[in-house]
Amino acid sequence: MVNQTFFFKIDNIDPAKPVTLIHVLPNKSAAVWLKIVEQGIPAAPISQEGHRLNQSPNKLKHFLIGDKVITSRFCGVAMADVMTLLEKNGLFDLYATINRQKESIVKALKKANINHGHLHLGNFVVEFIKKDYYHQWMQENGNINHIPFTREKSTSNPVEYLAQPDSYEAVVRVIDFDLAKEV
Amino acid sequence: MMLATQLRTGVHYSPSPHLKMTANTKEKVRQPIEPLSEKIILNPVLVKDYIDTFGIETFLDQIIGFCNNAPIVQRIGVLANLGYAQELWEWMMDHGKIDFEYNFLLVNPLIQSGFSSDSFISALEASKNSNFHEYVKLLRLPYQERVARFTSEWNTGIENKKDKLRFYLRRYCNPQLYAQYQSEIEVRISNLTYEELIFYSNVYTRAHISESFLAGFLKKKNVIVKMFIKNGESNLFF
């Protein structure tokens with residue numbers, strides 16, 4: 001039975017924009033994703049573009065199998081890739097920081113009675129946000145999932161972080177909600 | 001119901017003999033200590049609740065009876081990353097738990113948490129396990145040198161991803177089409193943004209790279225869309 005569809009889109013008009021991902025998933029999973037985002041559990045951010053796609057069916061619609069279109073953005077490199085190299089090279093400060101964040105996300109999901117469905121390291125990503133920008137946003141808004149993306153203020157490249165660890169905040173997010181459900 | 005709530009509301013209260021001072025000694029409140037069980041230990045939320053209520057020392061005191069079970073020892077190791085590395089290390093020293101069968105399950109999490117107290121490093125050096133000796137050597141390298149090693153390996157990984165992308169395009173595209181666009185492909189690969197490259201490295205391994213992928217990749221159209229259907233993968237690139 002076909003039960004999973006993803007769409008990916010690359011916005012190649014403006015290089016300052018992030019890679020945009022289009023997901024089509026069951027209503028239940030989409031609702032769980034929305035709940036996670038609104039509760040402030042660090043997750044793949046949801047962009048407004050998805051609403052437009054849901055409201056105005058276009059010629060792609062008949063190729064889609066799923067209930068709901070949600071758009072998000074590329075929001076970091078797979079944690080598994082980063083951690084392997086950090087461990088191998090003895091960079092345990094960053095290793096421990098992102099591992100702690102992963103543990104907190106796992107706990108927060110459990111507390112919220114959410115079963116992600118496939119919570120492996122490939123479904124956690126890490127990006128690095130300029131400290132001042134991050135703290136100002138968190139102080140004023142409190143939800144990391146709504147922080148506006150700007151290329152000047154964030155990077156997915158751990159090399160940039162390691163060169164200036166005091167300038168960045170590592171942010172781990174959980175992604176891929178096609179099997180997510182409330183328990 | 002969370003453990004703390006159970007205790008507050010009296011539900012599941014058991015008049016156990018484990019009456020001890022709580023972690024909050026200032027208030028001098030005596031609370032019954034819930035006997036530790038596998039169910040609690042294997043649930044990170046309940047573990048946190050337990051430690052918040054009774055303190056890490058009580059948790060470690062009680063856990064000693066469960067250490068014959070690898071999944072449980074693994075959960076104990078997680079404490080290192082929850083801010084209890086020092087307590088865990090002291091507990092291990094108290095119980096002679098270095099250089100024994102749980103080495104990797106307990107020592108590795110301590111290493112990975114960045115814990116580097118002098119006594120810990122000395123114990124690793126004295127250990128018979130040569131992996132730990134390598135770790136100590138690594139830890140003693142200056143930070144910049146460790147970053148330089150990481151950067152070199154990371155950049156090699158990026159170049160490998162580009163090579164793989166070239167390989168898949170060459171392998172799966174129509175040979176005439178590939179030959180026709182070879183120079184454009186090379187320019188596109190060279191100019192991929194960091195995020196695009198990471199994105200493609202996740203996509204192309206599970207996609208059948210096709211002419212429509214190539215058209216999208218070379219920006220022949222504005223949008224690239226990939227459709228991936230479980231149990232019957234197919235692509236649609238615009």
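This tour moves through selections in chain A and then in chain B of a predicted model.

Residues are numbered from 1 along each chain as its sequence is written, while chains are lettered from A and ligands numbered from 1 in the order in which they are written. As the model is predicted, local features need pLDDT of at least 70 and side-chain atom pairs count only at pLDDT 80 or more, whereas totals for chains, interfaces and linings use all residues.

**Stop 1: the domains of chain A**

Select residues 5-73 of chain A as domain 1 and residues 77-182 of chain A as domain 2; these bounds come from an automatic or database domain assignment. Their contact takes 17 residues from domain 1 and 22 residues from domain 2 (two residues are in contact if their C-beta atoms, placed from the backbone, lie within 7 Å). Next select helix α1 (residues 27-39) of chain A, which supplies seven residues, the largest share of the side of domain 1 that touches domain 2. Helices (H or I, at least four residues) and strands (E, at least two) are DSSP runs, numbered from the N terminus. That side of domain 1 consists of twelve nonpolar, three polar and two charged residues. Here Ala, Val, Leu, Ile, Met, Phe, Trp, Tyr, Cys and Pro count as nonpolar, Asp, Glu, Lys and Arg as charged, and the others, Gly among them, as polar.

**Stop 2: α3 and α4 of chain A**

Select helix α3 (residues 79-88) of chain A and helix α4 (residues 92-111) of chain A, whose axes come within 9 Å and cross at roughly 145°. Axes are lines fitted to C-alpha atoms, for helices over the stretch in contact, and angles run from 0 to 180 degrees between N-to-C directions. Show A:M79, A:M83, A:L86 and A:E87 of α3(A), which meet A:L94, A:Y95, A:I98 and A:K102 of α4(A). Six of the contact residues are nonpolar, none polar and two charged.

**Stop 3: chain B as a whole**

Chain B holds 13 helices and three strands. Of its 238 residues, 26% are buried (20 or more other C-beta atoms within 10 Å of the residue's own, with C-beta atoms placed from the backbone).

**Stop 4: α10 and α11 of chain B**

Select helix α10 (residues 143-172) of chain B and helix α11 (residues 175-191) of chain B, which pack at about 160° with axes 11 Å apart. The pair is therefore roughly antiparallel, a term for angles over 145 degrees. Display B:K162, B:L165, B:R166, B:L169 and B:R170 from α10(B), together with B:Y178, B:I185 and B:I189 from α11(B), to see the contact. Five of these residues are nonpolar, none polar and three charged.

Methods: Angles under 35 degrees count as roughly parallel, over 145 as roughly antiparallel, 65 to 115 as roughly perpendicular and the rest as oblique. A residue is buried if 20 or more other C-beta atoms lie within 10 Å of its own, exposed if 12 or fewer, and partly exposed in between; C-beta atoms are placed from the backbone.
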